[in-house]
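Dear colleague,

I am handing over the structure we spoke about, and you will find it just below.

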Amino acid sequence: MGLGLRPAARGVLLLLLCATAAAAAGDAHGEHRTDYDREALLGGQEEVDEYVKLTPEEQHKRLKSIIKKIDLDSDGFLTESELSSWIQMSFKHYAMQEAKQQFVEYDKNSDGSVSWDEYNIQMYDRVIDFDENTALDDAEEESFRQLHLKDKKRFEKANQDSDPGLNLEEFIAFEHPEEVEYMKEFVIQEALEEHDKNGDGFVSLEEFLGDYRRDPAASEDPEWILVEKDRFLNDYDKDADGRLDPQELLSWVVPNNQGIAQEEALHLIDEMDLDSDRKLSEAEILENQDLFLTSEATDYGRQLHDEYFYHDEL
C-alpha cells in the first residue's frame, strides 16, 4: 500500500494521515490519477498479472457476470449510483478479508482470540509496555510511545466482552473502526485529543493546519496550505462556522470511501459513455474492457479471480 508498514500499523496511521492520502488520489486541480489508484488499491504485482492469465473467453464471461451484478435494477445500464455502490462494497469486502487473514496471523496460539501481547509480537516481535504517564526524552521514541498508547486504547475500546483478547468481530473493529458503529465515538475523541489544542470540542482552521506558521518573509502561503485550507472550508466545514464539530471531524479523519467511489464512477462514465446518456451499457464496457479492468470497479481485475464477485450468486 506504499507506507511500508504492517497492516495494523497502517491502521493507526490511517486515522492520522487519511486526509493526506485522500488528497493524493487527485492533484491540486482535482484531476484523476490512475497511477495512484493502481499503487494504492491493487495490493501487489501478483494481482496485476493474475487476471491476464485468464483466457479472453473466460475474462469476457466473468466480466459480463460482474456487470450483471453491478446492474441492481437489471435495466441493462450501469449508473453512477450503481457503480459507486459496487465500488464501496468492494472496498469493504477486501478490507474485511484482509482483517480476517490478519486475525489468523496475529492469533499465535490459535485459540480464537488475539491478545495484546500477541498483537505486539506480530507487530514488533516482542511485547512492548510503555508507562502512560512518563514521556520519553527522545522525540522519535516519544512519538512512537504516543502511537503505541493510542493503539492500546483502540484495542481496549474494541474489546466488548470480559475476555482480555479480541475475537474476530472485535479484531475487525480494532483494524477498521470506521466500519463499526460502536467505534466511531472513539475515533472522534481520539481525533479531538490529537487536534483540539484549546479543548473546546471543535477543531479550528489553525488547529486543522497543525504546527504550520507562515514564513514572515513569504508573501503568501505555500500551495499545499492553500489546498488544505480549501478542503477545510469546502469539504469539511459544512455549516461554514469556521470550525469542525465532531460529525464534521469524522468526515475528515475517517477514509471517505464514498467520495473515492463516486469519483471513480464518474471517471468511468466520462471515459466510456459513448452515446452521452451518462450511463454505461454492457456493450460500452466491453468496447473499452481494458479500462474497466484497470479501475476500482473490478479492483484492477482482482474480482475476476474472486468467486464472491463473478459467481452467479453473490
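Please keep in mind that this is a predicted model. I began with the length of helix 9: at 1.5 Å a residue, its twelve residues should span 16 Å, and the end C-alpha atoms are 17 Å apart, which agrees. Within helix 9, Phe186, Val187, Ile188, Glu190, Ala191, Leu192 and His195 are buried.

Helix 9 (residues 184-195) packs with helix 7 (residues 139-158) at an angle of about 160°, their axes being 11 Å apart; since angles over 145 degrees count as roughly antiparallel, helix 7 and helix 9 are therefore roughly antiparallel to each other. Their crossing is right-handed. On the side of helix 7 the contact involves Lys150, Lys153, Arg154 and Lys157, which meet Phe186, Glu190, Glu193 and Glu194 of helix 9, and the residues of this contact divide into one nonpolar, no polar and seven charged.

The other pair is helix 5 (residues 80-106) with helix 13 (residues 257-272), which pack at an angle of about 130° with axes 8 Å apart, and that makes helix 5 oblique to helix 13. The crossing of helix 5 and helix 13 is right-handed. Helix 5 contributes Glu80, Leu83, Ser84, Ile87, Gln88 and Phe91 to the contact, while the residues from helix 13 include Ile260, Ala261, Ala265, Leu266 and Ile269. Here the contact residues divide into eight nonpolar, five polar and two charged.

Conventions: Residues numbered from 1 in each chain as written. Predicted model: local features only at pLDDT ≥ 70, side-chain atom pairs only at ≥ 80, totals over all residues. Heavy atoms only, no water. Axes fitted to C-alpha atoms, helices over the stretch in contact; angles between N-to-C directions. Helix = DSSP H or I, 4+ residues; strand = E, 2+ residues; numbered from the N terminus. Parallel < 35°, antiparallel > 145°, perpendicular 65-115°, else oblique. Left-handed = near helix turned anticlockwise from the far one by under 90°. Contact = heavy atoms within 4.5 Å. Nonpolar A, V, L, I, M, F, W, Y, C, P; charged D, E, K, R; others polar. Expected span 1.5 Å × (residues − 1). Buried < 20%, exposed > 50% of the residue type's maximum accessible area, 1.4 Å probe, protein only.
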